[in-house]
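This report covers selected features of one chain, in running text with one table. The sequence and the structure come next.

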Amino acid sequence: MQDTQFVKAIAPWLSPTDGPIRAHLALAIRQAIGTGHLPAGTRLPPERSLAAALHVSRPTISAVVEDLRASGMLTSRQGSGSWVTEGHTQRRPTVPFVELLQASGSIDLAAATAPDASLLPPMRVENSDFLGVEPANGLTPLGMEQLRRNIADRHRYDSSHSPDPTLDQVIMTSGAHHALGLIIAACAQRGSSILVEETTYGGLIDMIHANGCVPVGVPRDDDGPIPEVLSSLLRTHRPSLTILVSSVHSPTGTVSSAHRTHALAKILTAAQTQVVLDETYADLEFSPTTRVLANELGNKAIRVGSLSKTLWTGLRTGWIIASPTICTDIARRRFQQFDLGPSIPSQLFALQALEHFDVVVQKRRAQLIDRSSWLTDALAVKFPDWSLSRVDGGLALWAEVHMDGNTFAKQASERGVAVLPGSACRADGQPTPHIRLCFDRPIDVLEAALDRLG
Ligand SMILES: Cc1ncc(COP(=O)(O)O)c(C=O)c1O
C-alpha cells in the first residue's frame with residue numbers, strides 16, 4: 001500500500017495534537033484494522049517512508065509495528081515487511097456477555113460476583129410492609145422516595161463546588177447494567193461514538209452495539225486511561241457519551257492515582273461529552289480514598305451504582321444519579337421502552353440491607369483482601385511467568401498469561417475451571433493475552449481451581 005493511501009485509511013483516528021504518539025498511532029492503526037479500513041493482507045509501507053509521511057521518527061514507527069505484532073494484528077517477515085493479519089476486523093459480540101458468565105459444571109472464577117448471600121444481614125418483608133408503601137398501589141416509576149433519598153445522602157460530594165444530589169436526581173434501577181442501558185438509550189444518538197476504556201465491563205460493549213452506537217476504546221496504562229490520548233479521541237470522535245469505570249476499575253481491579261485522576265477530570269470538564277461514571281465497585285476499594293473524579297466533575301457526570309458487588313448480585317438493585325433534566329429524559333425513555341419502575345419487594349429488601357451497609361462492606365473488604373492476596377501469592381508460585389495487575393479493590397484480578405486469553409479460557413474450561421477471556425472485556429473484541437479471575441471465592445475453592453489448572 002502507498003504511504004498516502006495508508007495515511008488516509010488511519011486518518012479518521014488521527015488528530016493534529018497528540019500526546020504519547022506511540023500509543024496514539026497504534027490505536028489509530030488498530031481502529032483502521034478493526035473497522036476494515038485496513039483489510040487483512042494489507043501490506044504496510046516501508047517503515048522509513050511511513051515515518052516521513054506521518055512526520056514521526058523511524059524508531060516510533062518500529063515501536064508501533066512491534067506493539068501491533070505482539071498483539072497479533074500484524075505479521076512481519078524479514079525482507080517482506082509487515083502486513084495485516086487475518087481475523088482482526090472488529091466483530092460485534094455474537095454471544096451476550098452474561099452468557100459467558102454462566103459456567104455450569106465448572107469451578108466458576110469467571111463471574112465477578114460474591115459466591116452467595118452469606119454476608120447479607122437478616123432481612124424480612126411482611127404484608128404489613130406492603131400496606132405501608134407510598135403510593136398504596138405500589139407503582140413507583142423512579143423508585144421509592146425513602147430509598148432514593150438514602151442513595152442521594154450516600155453520594156454527597158466531599159469538597160466539590162457542586163451541590164449535593166437531591167431526591168429528584170436519583171432513579172432506582174434493577175442493577176448497574178440496567179442503569180447503563182437506560183442512559184445509553186436516552187442520551188446517545190444512534191451511530192454516535194461512545195468512549196469507553198479499551199478494557200472495560202463487557203456487558204457495556206453489548207449495550208453500545210445493541211443501541212447502534214460505536215464503542216471506541218481509550219488506551220490505559222498501569223495508572224488508568226492515558227489523558228493525552230483521551231483528549232485526542234474526544235476531539236476526533238466527538239463522542240455522545242464517555243463512560244468510565246471508576247474508582248475501582250473493572251476488569252483490572254486498579255485505582256488511578258490522584259494525579260492521573262485530576263488530569264482526566266480537567267480534560268473531561270472541558271469536553272463536549274456527557275460523562276458517565278460507573279461506580280459499581282467504588283465501595284470495594286481496599287484502602288478507601290476520596291473519589292476524585294466524581295468530586296471534581298460534580299453535576300457534569302452521571303453516576304451509576306449498584307448493590308450487586310458490595311452486598312449481593314441477586315438483590316438486583318442499582319441507581320442513576322443525574323441532573324433533574326437528564327433524569328426526566330431517562331425516565332421518559334424508560335417508560336416508553338423498558339418498564340414502569342422497580343419492584344417494591346426488592347426495594348424494601350434494599351432499604352433493610354442499606355441499614356447494615358457499612359458493617360457488611362467492611363467485612364466484605366477484609367474478606368476480599370485475604371482472598372486476593374491468597375490468589376496472587378498462589379499464582380506467583382504456580383505461574384511465575386504471568387504478569388498480574390495490582391489489586392487495589394474489587395472482586396477480580398487481571399492476568400497476562402502470555403498466550404491468547406480465548407485459548408487459555410477454552411483449555412481451562414476443559415479442565416473444569418471457568419475464567420473470563422480478556423477479549424470479552426475489550427471495546428474492539430480483539431483477542432488479548434489476558435484473563436480475568438474472580439477471587440471472591442472461599443480459599444478451598446480457589447485452591448481446587450488452581451489444582452485443576454495444573
Ligand atoms: C463495571 C460493572 N458495571 C456494571 C455491572 C453490572 O452490575 P449489576 O449486577 O449491578 O447489573 C458490572 C457487573 O459485572 C460491572 O462489572
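Arg238, the residue that follows helix α10, has a positive phi, near 40°. The model is a predicted one. Helix α10 itself spans residues 227–237 and is mostly covered, with 8 of its 11 residues buried. Those buried residues are Pro227, Val229, Leu230, Ser231, Ser232, Leu233, Leu234 and His237.

The chain is divided into three parts: domain 1 (3–84), domain 2 (97–116 + 359–453) and domain 3 (138–356). Between the C-alpha centres of domain 1 and domain 3 the separation is 34 Å.

An open sheet is formed by 4 strands in the order β13-β14-β17-β16, and the pairing is antiparallel. Its edge strands, β13 (387–388) and β16 (420–421), each pair on one side only. Strand β13 runs antiparallel to β14 (residues 396–400), and 2 bridges join them. Leu388 has Ala399 of β14 as its bridge partner. Helix α15 (residues 357–382) lies across β13, β14 and β17 (434–438), and its direction makes an angle of about 20° with β14.

The ligand is surrounded by 14 residues, of which Gly175, Ala176, His177, Ser306 and Ser308 are the closest. The shell around the ligand consists of 4 nonpolar, 9 polar and 1 charged residues.

Key
Residues numbered from 1 in each chain as written. Predicted model: local features only at pLDDT ≥ 70, side-chain atom pairs only at ≥ 80, totals over all residues. Pairing = 2+ DSSP bridges. Contact = placed C-beta atoms within 7 Å. Axes fitted to C-alpha atoms, helices over the stretch in contact; angles between N-to-C directions. Domains from an automatic or database assignment. Near = placed C-beta within 6 Å. Nonpolar A, V, L, I, M, F, W, Y, C, P; charged D, E, K, R; others polar. Buried ≥ 20, exposed ≤ 12 C-beta atoms within 10 Å, placed from the backbone.
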